[in-house]
Structures are given as C-alpha cells and as structure tokens.
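User: I would like to learn how to read helix faces and surface patches. Can you take me through a case?

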Amino acid sequence: MHDDELLTVADVMTRLKLGRSTVYDLIRSRRLPSITIGRCRRIPARAVHDYITNELEAAA
C-alpha cells in the first residue's frame, strides 16, 4: 500500500468488507476522510489505515 494512493469507494468496500452505504455513511460522518475529483469520490489509503487503527484503539 502506498500512503499517497487514492482508493475508490469500491476499493474501500473490498478492503473493509463493508457495503456501499456503510462506506458513504463513514464519509458523511467524517470518520473516513475523502476528496472529490470532478464527480469521483476518492479516499486516501492512509485514511483507511488510520480509520482501522482508530477503531482498534477504541475497541481495546
């Protein structure tokens, strides 16, 4: 994984094993940062990594 890699919503769905609406809920609630390029939503790979880390710390 490259920290500067931009992922699609579908990529994030696959990596986190979540549905499309759940990923968009995370984006909407700002728990998963994203950017819009034109009409395309992109999520930095680092943001996905940070989200996983934060969830693990919260669960501990």
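This is a predicted model: local features need pLDDT of at least 70, side-chain atom pairs count only at pLDDT 80 or more; totals for chains, interfaces and linings use all residues.

User: Let us start with helix 3. How many residues does helix 3 have, and what span does it reach?

Analyst: Helix 3 covers residues 45-59, which is 15 residues. From first C-alpha to last it reaches 21 Å, close to the 21 Å expected at 1.5 Å a residue.

User: How do I read the faces of a helix?

Analyst: Start with the general idea. An α-helix has 3.6 residues a turn, so residues three or four places apart point the same way. Now the case here. Ala45, Ala47, Val48 and Tyr51 are the buried residues of helix 3. Their arc around the axis is only 165°, which puts them on the same side of helix 3.

User: Which residues are exposed on the other side of helix 3?

Analyst: Leu56 and Glu57 are exposed there.

User: Now helix 2. Which of its residues are buried?

Analyst: Val23, Leu26 and Ile27 are buried in helix 2. Looking down the axis, these buried residues fall within an arc of 100°, so they line one face of the helix. On the other side of helix 2, Ser21 and Arg28 are exposed.

User: What covers the buried residues of helix 2?

Analyst: The cover includes helix 1, strand 3 and helix 3.

User: What is the phi of Arg30, and which helix does Arg30 follow?

Analyst: Arg30 follows helix 2, and its phi is positive, near 65°.

User: Let us turn to the surface. Which residues form a nonpolar patch there?

Analyst: Leu6, Ile35 and Ile37 form it, with about 240 Å² of accessible area together. Check one member. Ile37 sits in strand 2, residues 35-37. A patch member needs over 30% relative accessible area. Ile37 has 46% and is partly exposed.

User: Where is Asp50, and what is its relative accessibility?

Analyst: Asp50 is in helix 3. Its relative accessibility is 34%, so Asp50 counts as partly exposed.

User: How many residues apart along the chain are Asp50 and Glu5, and what separates their C-alpha atoms?

Analyst: Asp50 and Glu5 are 45 residues apart along the chain. Their C-alpha atoms are separated by 14 Å.

Notes
Residues are numbered from 1 along each chain as its sequence is written. Side-chain values use heavy atoms; hydrogens and water are left out. Helices (H or I, at least four residues) and strands (E, at least two) are DSSP runs, numbered from the N terminus. The expected span of a helix is 1.5 Å times one less than its number of residues. Buried means under 20% relative accessible area, exposed over 50%, partly exposed in between (1.4 Å probe, protein chains only). The arc is that of the directions from the helix axis to the C-beta atoms. Patches are made of residues with over 30% relative accessible area and no salt bridge: like charges are joined within 9 Å, nonpolar side chains (Val, Leu, Ile, Met, Phe, Trp, Tyr) within 5 Å. Accessible areas come from the Shrake-Rupley method with a 1.4 Å probe; for residues, only the protein chains shown count as cover. A salt bridge is a side-chain nitrogen of Lys or Arg within 4 Å of a carboxyl oxygen of Asp or Glu. Contact means heavy atoms within 4.5 Å.
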